[in-house]
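Me: Can you take a look at this one with me? I'd like to go through the metal sites.

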Amino acid sequence: MADYKNTLNLPQTDFPMKANLPKREPEILALWQQQSIYSQLRKQNKQAKKFVLHDGPPYANGQIHIGHTLNKVLKDIVLKSKSLAGFDTPYVPGWDCHGLPIELNVEKALEKEKRRVAPEEFRALCRQYANSQMQLQRDAFQRLGVLGDWQQPYLTMDYSFEADVIRTLAKIIANGHLHRGSKPVHWCVQCCSALAEAEVEYQDKSSPSIYIRFAASNPKLWLSHFGTPDITTESVAILVWTTTPWTLPANQAVAFNSSIEYALVRCSWQQTTEYLVIAKDLVPQVVQQCGITEHTIVATAVGKTFEHLLLRHPYLDKEVPVLLGEHVTLEAGTGAVHTAPAHGQDDYTVATHYNLAVVNPVDDQGLFMPDTPLFAGEHVYKVHTHILEVLQQQNTLLHAETISHSYPHCWRHKTPLIFRATPQWFISMDKNNLRAQTLAAIEQVKWSPSWAQARMTAMIEQRPDWCISRQRVWGTPMTLLVHRQTDTLHPNMVALMESIALLIEKHGIDAWHNLDIASLLGEEASEYRKVTDSLDVWFDSGATHAAVLLRREELQWPADMYLEGSDQFRGWFQSSLLTGVAVYGHAPYQHVLSHGFTLDMQARKMSKSLGNVLAPDKIWDSLGADILRLWVASSDYKNEQTISDEILQRIADAYRRLRNTARFLLANLFDFDPQQHCIATSELLELDYWVVKRTFDLQQDIKQSYEDYDFHGVSQKIQHFCSFDLGSFYLDIIKDRQYTTMTDSHARRSAQTAMYHVICALTCWLAPLISFTAEEIWQHMPWREQPSIFFTTWYDDFGVLEKNTLLASNFWPVVMQVRDQVNRELEVARNAGLIGSGLAAEVHLYCSEALLNLLRPIAEELRFILITSAATLHPLSTTDTEAVTTQMEELQLKITASVHEKCQRCWHRRAKVGKDALHPGLCERCVENISGLGEIRQYA
Ligand SMILES: [Zn+2]
Ligand SMILES: [Zn+2]
């Protein structure tokens, strides 16, 4: 038997089937680094319109996790797709380098060494530590294939950055937003510091729930206000409910709501009778909870009746007034609220309104100060029993029990926080209209997803003033000078801060700590002192737009986009917005895009204690970074995404289909030179023209999805195209034509031209998603003009998409349906043992007149589309009892096994096999093809 293998155009490629990404990706990374593609791209695209995505700085502590991976890969996809769309896309990654977690780690290391160091050395160690962590994370982000200026990232501990933070603060002072106040702030007694909103977590905690009597100083007066002066009793008390007995030493008032109706309730209580004042609507639940057996409502009056009346403090020898406040509601308690202005925001607000001084008896560590009666030196967490004893002795404790409720905790220590008034520096939301300006600025920004704008608006509407001072060592110092007697800022503070910023720009923050203020203030120096607080780290990162966007030539202000997790609505999105508006009157971004969190298969958050953490480095070492990237692209990031080994396996399968599609295309283009062999689009065979047009149309769709940041949609469209349009239709059909027609025939070059257009477009679509693989494909395209895929823009060289055709507009979709029906019947015949492969079969198609008219032009070539040895069209009216109905009403089918010999070259079974004397093993078509006559085909 003659060997015809050499006469076939079999595919050839050294593009490997097996991806082996863990080994190949580092080689591609090295190639990118060697070519300095990031800086080369900046040069190449200098004239292009910029798209600036400003990087939110991750905290420089610890190895990166899945959340970081999702965030950085999403950013990378955005930027690479924008670059393909023709934008210049500089990306300067950054790190947040100050703050408590770094201090704690350095402290731990020092403890191990049993070493104590001076603050200056401590700060140097913090700097060193942050730098090492930054490098660790930087390597990881690069390994993910994220393209950026990794050589020159921004660090919030850079001297120039620290100086710009101080300049930002100076501008905020100049614009009148800073004030000093003694206000209750979330305070961690273990951190010994105020905490930012973003550092507060809510967890369940059990607390005492107690009802206490505040006896009326003048019972007669209360009774007459209720209109019941006739009652004779000395026992009138206002009932108050609290879950924080430790705040009673700071009690300065009781608050009523002016419009709530209060009841005078006569209670029989263990053989005594007393009169209690309780909000009328709450009486039933209060008497039930306190176990009061008999009660009668004697009279009622609205809250405003009682303003300024005096009550006896439940254990101290002092009187406290009734105040009116709108924060008092009927949600819980008694409608009368114990008011400790040092320990609660609402209490503070109402006390300020009534000009009460704010008295705070608790020190930094949570101990009562030495002048606190009865409880001096006791810890607020441990004082409850003692306080309850005292109340009991005074007969002011009516009822006590324990409840569990949601309570603020320190995000670091996981211990309950206290609200504590301390002298702090605040950015005022209302003093100079920052709240109103910020709300207006929100309207100028595009927010995604749809709920994002409402969320930010609600947060700004409700937020308290921003406490920006911290009592820490490792942070940008608040470089303020205040008068020793009056505590007021130096009148020339803003200009002085610029001098200080210049020093810090040169020497770092130690320049402030070492500064002798006489060098700035001369003789005045003795009247002033340096503030020792440092700035909230959220202020640092909130000022990145000033320190980075405005400073780096390649960037611009405002940024086109901020893209972070949804936790940043109270974090970075918000701190950046506030500093942007406070300084420049505008948000530092045009568009905020947020993503959800990553969960495991049981919809639980990833956590070390649950043991469900999938470490990114483990994944790229076993499956490859492109699998992680494809997971990101396949997830609907706007909601929560899930990840597990099982999901990653599915992604790896999808990846293999994409890779194999690319490999098939490359392998069939091994001898194709676009300069020489490209066929004008209008001259392509019908099927080839169809796939080029389909590719072009799909590209419009994909570009739109990229523009909508719908990467999930992009990856779905590409996968569908590769699996269905290409894998099980187009590429399947053209195999025969590729392999068996003459090497240089129109039929073969036509298919190659189409495949050339497809691979050029497809590789660009894939580049933002699976960057390593797209680059690998690119490197296997001999005709490429650029050294890397990332220097290109979307492929648009499809030629003129117009073709004179005899085919109906719905031709190919109908052919696909017909093919599906035929494949179904071939499967039936195969299962029945009638045939082996489809080429062993002959198919008879019984068609309605309309279908017949549609298919008739390709009657001669139909067998190639159906991949059978013969395909014959008949009218549906022909009676053939062996024909079976199909899912298409207009089509019946009959499959028969071919009785002809199999051609040794193309495997089609044809009547003429054996008829040629020279090539007795071949069909007539193969004889023509190898003798150089070839065949003319129009359709497929
Ligand atoms: Zn803490
Ligand atoms: Zn043949």
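Me: Which protein donors does the zinc ion (ligand 1) have?
Reply: They are C188 (SG), C191 (SG), C410 (SG) and H413 (ND1), 2.0 to 2.4 Å from the zinc ion (ligand 1). Donors here are N, O and S atoms within 2.8 Å of the metal (3.2 Å for Na, K and Ca); water is not among the atoms, so sites may look incomplete. This is a predicted model: local features need pLDDT of at least 70, side-chain atom pairs count only at pLDDT 80 or more, and totals for chains, interfaces and linings use all residues. Residues are numbered from 1 along each chain as its sequence is written, chains are lettered from A and ligands numbered from 1 in the order written, and side-chain values use heavy atoms, with hydrogens and water left out.

Me: What spacing do those donors follow along the chain?
Reply: C-x2-C-x218-C-x2-H. C191 and H413 link distant parts of the chain, 222 residues apart.

Me: Is C191 buried or exposed?
Reply: C191 is buried, at 4% relative accessible area, while H413 is partly exposed at 26%. Buried means under 20%, exposed over 50%, and partly exposed in between (1.4 Å probe, protein chains only).

Me: OK, other site. What coordinates the zinc ion (ligand 2)?
Reply: C903 (SG), C906 (SG), C923 (SG) and C926 (SG), at 2.2 to 2.4 Å. Their spacing in sequence is C-x2-C-x16-C-x2-C.

Me: And how buried is C903?
Reply: C903 has a relative accessible area of 0% and is buried; C923 is buried too, at 1%.

Terms used:
Helix = DSSP H or I, 4+ residues; strand = E, 2+ residues; numbered from the N terminus.
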